Each structure stands twice: as C-alpha cells, then as structure tokens.
Amino acid sequence: MGDRWAAVRAWVIGHPSEFRLGLRILIAGMAAFFVTDVVLGLPQSYWAVLTAVIVMQASLGGALKASIDRIVGTIAGALWGVIIALAVPHPHGSSWLLATALTLALAPLALLVAFKPAYRIAPATAIIVLLGSGAQEAGPILPALHRVMEIGVGSLVGLAVALLVLPARAHRLLADEAAAVLGILAEQIEQLPARLAGTAEAAVWQQIGDRRRKAQDKAEALAEEAKRERRNRLTDTPDPEPLARTLRRLGVDLAQIGRVSGEAWDAILVERLAEPLSTVVEVTASFLRACGTALHSRTAPPPIEPVSAAMDRLSAIVAGLRQDGTTRPLSGPTVERLFGLGFALDQMRRDAEDLSERIAELAPPVEAPESADA
C-alpha cells in the first residue's frame, strides 16, 4: 500500500501543469455560472459555463486568443442571424421560409468557418437565433443579445481566471516543451551508430521521429501563444520565434541524417568511423539534453566546444578517407551518403551554436561581482 501511495504521489508531483489547468477550468466554470445565473439572471447560463471551460487553455496567450475568437464569432453570428431573421420572416410552421432563412444565414458563415475555423461558434449562434424557442416567441433580437452576453461573460471570466489564478505564461510552457524536443533529438541521434552498422530497427527511428514532430508542433503552437502575450504586453520575455526556428532546423538536420543512414554502410567505413562518430553522438546528445535542462531552469547554456571539437575531428577523418583512397572502390551512392552525413552534421553543429545563443538570451543576466574597492 505504501508503494502504491508513493507512486500516486510521484505521479501527482510529476504533472503540476495539468493539475493547475484542471483547477483553473473548475474555477472558471463555476465563476461563469455564478455571474450569469446568480448575478445577471440570464436564461441559459450553461452557454457561459461551456464558454469559460472551452476558452481555458494551458497558457494565458492561448486563453486570450480563444476568448477573442469566441466573442468575435458570437457577435458576428448573432448579428447576421438577426439580420436574416428580420429580412426573411418565418412564422412558426412555415418550413420553406425557415429553410430559406437558414440557408441565407449559414451560407456566408459556413464559408467564414472554412477560411477561419476559430470562428466556428458563428454559424452555431446564427442557428440558435433562427431556430431557438426564444426566437419563435419573442423575436430574434432578445435571444441574440442573451447569447452574446452569455458567451461574452464566459469568455471574459475564462480570461480573468487565466490571468489571475495560477497563471501559466506561454514562454514558460514553451521552454519546457523545447526541453522535451531536445531530449527526443538526443535520443534520435543516439541511434545513428547502430543505423550505419545495420543493427538498428528502422521502426525505432520512425517512432522517435513521430514523437519529435508532435513535440515540435506543440512547441510551434506555444511559440505563437508566447508571441501573442508579447504583443498584448502580458510578458516582457524575448521573442520566442528564434528558439522555435532553431528547433525546426535541428529537426531538419535529424531528418537529413535519417535519410543518409537509412541503409547499412560499407563495413570499412563503419570500422574507420566508429570511434569518432561515437564521440560525436555522445557529446551532441549530452549537449542537447543539457540545453533542455538549461531551458527548464533558465540558466546559461552548456559549452559548445566539446561538440565542435568532436565534429572537427570527424570531418578530418572523413577527409582523410578520401585522401588515402579508401573511398575509391566504394559505390557512388555510398560516397554520397558519406559526405551527406558530413554536411548534415556540420549543419547540426551550426544549429547547435545557434541554440546556445538562444538559450543565453532567455537566461537572466548574470550580475557582475562588486569590486573590492566598491
């Protein structure tokens, strides 16, 4: 029993962001219900509760975008629904007139959603304005106003909770996700020696690559949210785009390495490159993981010199293979893969240097020690 509780406790401690988000969703939903049902007395408070829950995102930037999109979509749908309802009267029981009004209402809003999926609430609002029971009894204007108020209150409550209750800034989440991407990159490059020797399973590289792409997509989304926070003066952190761009380039480097190592190499190449390549893989993987730790803790990046030295040594050995004639009896595709690997690793070294600079920008400045004369 003690081990089970320890495992549960470790699991809870290991997912702090998920529990914070769950708490914010709970508070937002209950606050929206209180405001709309108890304070304002709106007829359908569940719209506000649903909206508050939907707009609550993992980061403040995400919640801001979701709130704005939902409010704008609701106003557009309600306004267009009222215009169509007044232009095409459809008394109860007039199915053809109702179908005409519904077609006119949905056609432009459906096209809007096709180009701007974030405004998906617009056609739903127009449908409620036209088909809702309140619209049949009291006309379209009052139900439209209620819907705008309910969803507006839900959006504003959700945004307020995101801002005030355990707020999560996107740049902090981006740093954590970038650390995860770097860990996957390190895991993937560690597969390289076995791939060249023909002892690795192709499916393993593909699985790691799929995980990397998913993590990179999430990092890209968080970078967009972090930029939105900067535009709205919700944070003063550096522009996240350079970090996201460097992660993309590192992913491209690994994809290129995967292409040139997709087939087992000639045994003599594997033998001559085994030791220097193992060193490159070891120091590069260690550097990437250390960069992830630095991002997570907002500290200075690890030194890049071991990576540069290992890659310089590998490049010198590859050049030596050409000079001593080792590559002459090899097939053209084999030689192309050899120099393709060298190019990809050299590009990865440059991107690793860029990564080091990006991490240095995100780390807080180190204060110079006071002089003894001060």
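This is a predicted model: local features need pLDDT of at least 70, side-chain atom pairs count only at pLDDT 80 or more; totals for chains, interfaces and linings use all residues.
Me: Which residue does Arg272 form a salt bridge with?

Reply: A salt bridge here is a side-chain nitrogen of Lys or Arg within 4 Å of a carboxyl oxygen of Asp or Glu. For Arg272, the closest N and O atoms of the pair are 3.0 Å apart, and the partner is Asp324.

Me: And where does Asp324 lie in the chain?

Reply: Helices are DSSP runs of H or I with at least four residues, strands are E runs of at least two, and both are numbered from the N terminus. The pair links distant parts of the chain, 52 residues apart, with Arg272 in helix H13 (residues 267–297). Asp324 lies in the loop between helix H14 (305–323) and helix H15 (332–362).

Me: Lys227 and Glu224 meet in a salt bridge too. Is Lys227 buried or exposed?

Reply: The two side chains come to 2.9 Å, N to O, and both residues lie in helix H11 (residues 202–231), three residues apart. Glu224 is partly exposed at 36% relative accessibility. Lys227 has 19%, so it counts as buried.

Me: Which helix holds both Arg172 and Asp176?

Reply: Their side chains form a salt bridge at 3.5 Å, N to O. Arg172 is partly exposed at 28%, and Asp176 is partly exposed at 29%. They sit four residues apart, about one turn, in helix H9.

Me: Zooming out, how many helices does the protein chain have?

Reply: There are zero strands in the secondary structure of the protein chain. Its helix tally is 15.

Me: What is the radius of gyration of the protein chain?

Reply: The radius is taken over C-alpha atoms, and the globule rule is 2.2 Å times the number of residues to the power 0.38. That rule gives 21 Å for 374 residues, and the chain's value is well over it, so the chain is more spread out than a compact globule. The radius of gyration of the protein chain is 29 Å.

Definitions and conventions:
Residues are numbered from 1 along each chain as its sequence is written. Side-chain values use heavy atoms; hydrogens and water are left out. Buried means under 20% relative accessible area, exposed over 50%, partly exposed in between (1.4 Å probe, protein chains only).
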